[in-house]
Amino acid sequence: MVLKITLSMDDMHTFHLNDGRNVNELNPKELLLYAAADCAGRTIVALLKEHISDVKLLELTLEGTLSTPSVVAESRFTSFNIIYHAECRALKEQLTISRALNLAHDKYCGLLQMLRRIAPLSHEISIVPTD
């Protein structure tokens with residue numbers, strides 16, 4: 001079974017669930033995914049503030065594959081995949097955003113570091129210029 005959490009950044013640079021649920025409605029395994037995606041998002045925002053980059057959209061989807069066909073106490077994560085999707089105004093900002101995404105993913109987000117100790121963590125990056 002695959003659990004999936006998608007967060008989007010708002011105008012105030014905070015992240016919210018895309019599916020309309022409240023954090024209080026998530027089960028503990030979904031909360032782990034939520035916390036890791038939120039940590040990565042906050043780290044990216046902090047890195048981008050240094051470069052005054054204008055990100056129009058930042059969306060993070062974190063998927064976790066479970067060892068069982070349904071969520072039960074014995075379920076363990078066997079792998080994780082995080083998908084970063086960003087939209088920026090100019091093509092030249094793609095490099096800055098890409099660097100921030102990779103630094104957050106590889107080095108600065110402590111919760112992603114923790115997930116790597118649980119199971120393999122892969123990632124995908126999509127950055128689209130809107131001009």
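Trainee: Which residues does threonine 68 touch, not counting residues up to four places away in sequence?

Mentor: In this predicted model, threonine 68 touches Met1 and Ser75, once residues up to four places away in sequence are left out.

Trainee: Where is threonine 68 placed?

Mentor: Threonine 68 sits in the loop between E3 and E4. E3 covers 55–66 and E4 covers 77–88.

Trainee: Is threonine 68 buried or exposed?

Mentor: Buried. The relative accessible area of threonine 68 is 17%, and buried means under 20%.

Trainee: And proline 69, buried or exposed?

Mentor: Proline 69 counts as exposed, at 76% relative accessibility. Proline 69 is also in the loop between E3 and E4.

Trainee: What about valine 72, how does it count by relative accessibility?

Mentor: Valine 72 counts as partly exposed, at 32%. The loop between E3 and E4 holds valine 72 too. The C-alpha atoms of valine 72 and lysine 29 are separated by 9.8 Å, and these residues are 43 residues apart along the chain.

Trainee: Switching to the helices. At what angle do the axes of H1 and H2 cross?

Mentor: Roughly 130°, with the axes of H1 (residues 28–49) and H2 (residues 93–108) coming within 9 Å. That angle makes H1 oblique to H2.

Trainee: Which hand does the crossing have where H1 passes H2?

Mentor: The crossing of H1 past H2 is right-handed.

Trainee: Which residues of H1 and H2 meet there?

Mentor: From H1 there are Ala40, Thr43, Ile44, Leu47 and Leu48. They meet Thr96, Ile97, Ala100, Leu101, Leu103, Ala104 and Tyr108 of H2. By type, the residues of this contact of H1 with H2 are 10 nonpolar, 2 polar and no charged.

Trainee: And how do the axes of H1 and H3 cross?

Mentor: The axes of H1 and H3 come within 7 Å and cross at roughly 135°. H1 and H3 are therefore oblique to each other.

Trainee: Which residues make up that contact of H1 and H3?

Mentor: H1 brings Leu32, Ala35, Ala36, Cys39 and Ala40, and H3 brings Gly110, Leu111, Leu112, Met114 and Leu115. The contact of H1 with H3 divides into 9 nonpolar residues, 1 polar and no charged.

Trainee: That leaves H2 and H3. At what angle do they pack?

Mentor: H2 and H3 pack at about 55°, with their axes 7 Å apart. That makes H2 oblique to H3.

Trainee: How many nonpolar, polar and charged residues are in the contact of H2 with H3?

Mentor: There are 3 nonpolar, 3 polar and 3 charged. The residues that meet are Ala104, His105, Asp106, Lys107 and Tyr108 in H2 and Gly110, Leu112, Gln113 and Arg116 in H3.

Trainee: Leu112 again. What does leucine 112 touch, not counting residues up to four places away in sequence?

Mentor: Leucine 112 touches Ala36, Ala40, Ile82, Tyr84, Ala104, His105 and Leu121.

Trainee: How many residues has the largest nonpolar core?

Mentor: The largest nonpolar core has 38 residues. Leu58, Leu62 and Leu112 are those with the most contacts inside it.

Trainee: Which elements each supply at least two residues of this core?

Mentor: The strands are E1 (2–9), E2 (15–17), E3, E4 and E5 (121–129), and the helices are H1, H2 and H3 (110–118). The largest share of this core comes from H1, with 10 residues.

Trainee: Back to H2 for a moment. What is glutamine 94 in contact with, leaving aside its neighbours within four places in sequence?

Mentor: Glutamine 94 is in contact with Cys88, Ile127, Val128 and Pro129. Glutamine 94 lies in helix H2. The C-alpha atoms of glutamine 94 and serine 126 are separated by 9.7 Å, and the two residues are 32 residues apart along the chain.

Trainee: Last one. What is phi of histidine 13 near?

Mentor: Phi of histidine 13 is near 65°, a positive value in a residue other than glycine. Histidine 13 lies in the loop between E1 and E2, and is partly exposed, with a relative accessible area of 40%.

Terms used:
Residues are numbered from 1 along each chain as its sequence is written. This is a predicted model: local features need pLDDT of at least 70, side-chain atom pairs count only at pLDDT 80 or more; totals for chains, interfaces and linings use all residues. Side-chain values use heavy atoms; hydrogens and water are left out. Axes are lines fitted to C-alpha atoms, for helices over the stretch in contact, and angles run from 0 to 180 degrees between N-to-C directions. Helices (H or I, at least four residues) and strands (E, at least two) are DSSP runs, numbered from the N terminus. Angles under 35 degrees count as roughly parallel, over 145 as roughly antiparallel, 65 to 115 as roughly perpendicular and the rest as oblique. A crossing is left-handed if the near helix is turned anticlockwise from the far one by less than a right angle, and right-handed if clockwise. Contact means heavy atoms within 4.5 Å. Ala, Val, Leu, Ile, Met, Phe, Trp, Tyr, Cys and Pro count as nonpolar, Asp, Glu, Lys and Arg as charged, and the others, Gly among them, as polar. A nonpolar core is a set of buried Ala, Val, Leu, Ile, Met, Phe, Trp, Tyr and Cys residues joined through side-chain atoms within 4.5 Å. Buried means under 20% relative accessible area, exposed over 50%, partly exposed in between (1.4 Å probe, protein chains only).
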